[in-house]
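Me: Could you take a close look at one part of this model with me? I'd like one connected answer.

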Amino acid sequence: MDKFKSLFYQDSLLEKLHQFQNTYGYIPEAEIENLSEKYQLSRANVYGVISFYSMFYTEPTGKYIIRICDIISCHLNESDSVLKAVKSYLDLKSHQTTEDKKFTLEVVECLGHCGEGPVMMVNNKIFTKINKNKALEILNDCM
Amino acid sequence: MVQEKLYLKGDKLLDISNYEFKSIKNALQIGREKTIQKIKDSDLKGRGGAGFPTGIKWEMAADVEGKEKFVVCNADEGEPGTFKDRYLLEERPLKVLEGIMLAAYAVGADKAYIYIRGEYSRAIEVFSEIIKAAREKNILNDNLFNSGFKLELKLVRGAGAYVCGDETSLINSIEGKRGRSRIKPPYPIEKGLFKQPTVVNNVESLCCTAEVMNPDSEDFSELGTEGSRGTKLLCLSGDLNRPGLYEVEFGQITLIEIIYDLGGGIKGSEDLRFVIPGGISTAVIKADDLDFPYSYQAFEKRGSSLGSGAVIAVSKKHDLLDLMLNVSRFYMDETCGTCFPCREGNRQINKILKAFKEEDGKIDTELISDIGNTIRLAARCGLGQSSLNFITSVIENYGKELKFGGKIYA
């Protein structure tokens, strides 16, 4: 492969990482090793990419990744009270996973539904105009 | 009651079989040079936040030689308060596609990328379908309408990094790297993606180019006022009765009308304190200074910017220190860490504000202002440079009122 082509090839790295993340719930060591060979990058380099992006994990995540926005537009609409309720209900802080590997909680920055806040995302699904009770109901539906 | 001007907003455009591609057909007919001239004449400014003239960008890119040339559609909409690009991607993706085709045709690129933020799973789904349909219909990867013009388009999804909204960070991200900004020059137009000439345009900007080139909406570029042409999508949020997406003509509506007519005024019993006019990287506008027509120039005159079009109304109900901490935490988390004034500065600001809250001690507003200036001067990307606009503007406007201890801001 000439150098130019091999550079082009790198535009698929992020997508590969997404696929592993979706399949395993995190990106396992063995796949990092494979990627480093395939893309001719050092493992440290691949780790560096993974650690830069908040949607990639190197440790197993819960079956449900709960993302709750607490930035200004949602915050003005009391997302902090939703967050408080969810944190105490799951007994988690942000970036933590429950012991039964069911839930991972992430306090995130803007999910792009600012006119309908507070906003919560469960895996790929968006829930808008939530409040404390609605958030707990959504979590219960996942149980 | 103020009327919306509907060009960018409208019925869903999802069915490629019923979409006529009038703008790109028009461009193919009149040729590259005239297309660029039309965009230049329209005085269209980038809608992502920086406001660079789109036509000039295209003209410069068309003149550059490279082994390859790329067009990148920046759909990494991450500025808090902004959701217009998500709307366009989910509901009017054919306009976005047409805009990408126009840009590629005009600058002479045969490869394009669309980089959609990872959190926009619905938009990613919709746009992937559009690309698939366009390939099946030979709109992509083929001799487009027998013109000899061929375009490959690839979707890359981001993975959670605000800073990738900066064009050089976004380019690094497409290349499978950490999304850190690059030193400019060279600008992407000379050396961008894979070191080749690259044009990066925002989703809404590209949709605007499709309006400019559409024979059915010839009046689009005549709308607005000098220096602010066309329409703008506004994302209204915060303490409003009717938040949501609105389209307005530049110069024909005041910020008062935006807040009280379109937005339905402030909810609850409290009054408006200020408006954040273009996302949290823009300086606040006080409630008693809203009576001016919405335009690039009017905000510039007030030391602010219309940014991404995220208009956030903030009432007197909220504790300003709490809001400053909220915004400060955002930048502390989202700085890419390359330029240390941005990385360390935002951390220090958070520390200062936290200490003030927890210890109820003194706050050194002069130090905050110094750090703000340092970041503004020393950060190399626009996102870093503008990271303290909100906080410093709140202190400038309300520092005294809030009885901050220590040195009072002049």
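Leaving aside neighbours within four places in sequence, which residues is A:Cys69 in contact with?

Reply: Happy to! A word on conventions: this is a predicted model, where local features need pLDDT of at least 70, side-chain atom pairs count only at pLDDT 80 or more, and totals for chains, interfaces and linings use all residues. Residues are numbered from 1 along each chain as its sequence is written, chains are lettered from A and ligands numbered from 1 in the order in which they are written, and side-chain values use heavy atoms, with hydrogens and water left out.

Now to your residue. Beyond those neighbours, A:Cys69 is in contact (heavy atoms within 4.5 Å) with A:Cys74, A:Ser79, A:Val108, A:Cys110, A:Leu111 and A:Val119. A:Cys69 lies in strand 1, residues 64–69 of chain A (strands are DSSP runs of E, at least two residues, numbered from the N terminus). With 4% relative accessibility, A:Cys69 counts as buried (under 20% relative accessible area, 1.4 Å probe, protein chains only).

The unreviewed UniProt entry annotates A:Cys69, A:Cys74, A:Cys110 and A:Cys114 as "binding site". These four span 46 residues in sequence, yet no two of their C-alpha atoms are more than 9.3 Å apart, so they gather at one spot. UniProt positions follow the numbering used here, feature names are shortened, and annotations may be inferred rather than shown by experiment.

A:Cys114 sits in the loop between strand 3 (103–108) and strand 4 (120–122) of chain A, and A:Cys114 also counts as buried at 4% relative accessibility. Not counting residues up to four places away in sequence, A:Cys114 touches A:Ser73 as well as B:Gly81, B:Thr82, B:Phe83 and B:Ser237.

Conventions. Helix = DSSP H or I, 4+ residues; strand = E, 2+ residues; numbered from the N terminus. Buried < 20%, exposed > 50% of the residue type's maximum accessible area, 1.4 Å probe, protein only.
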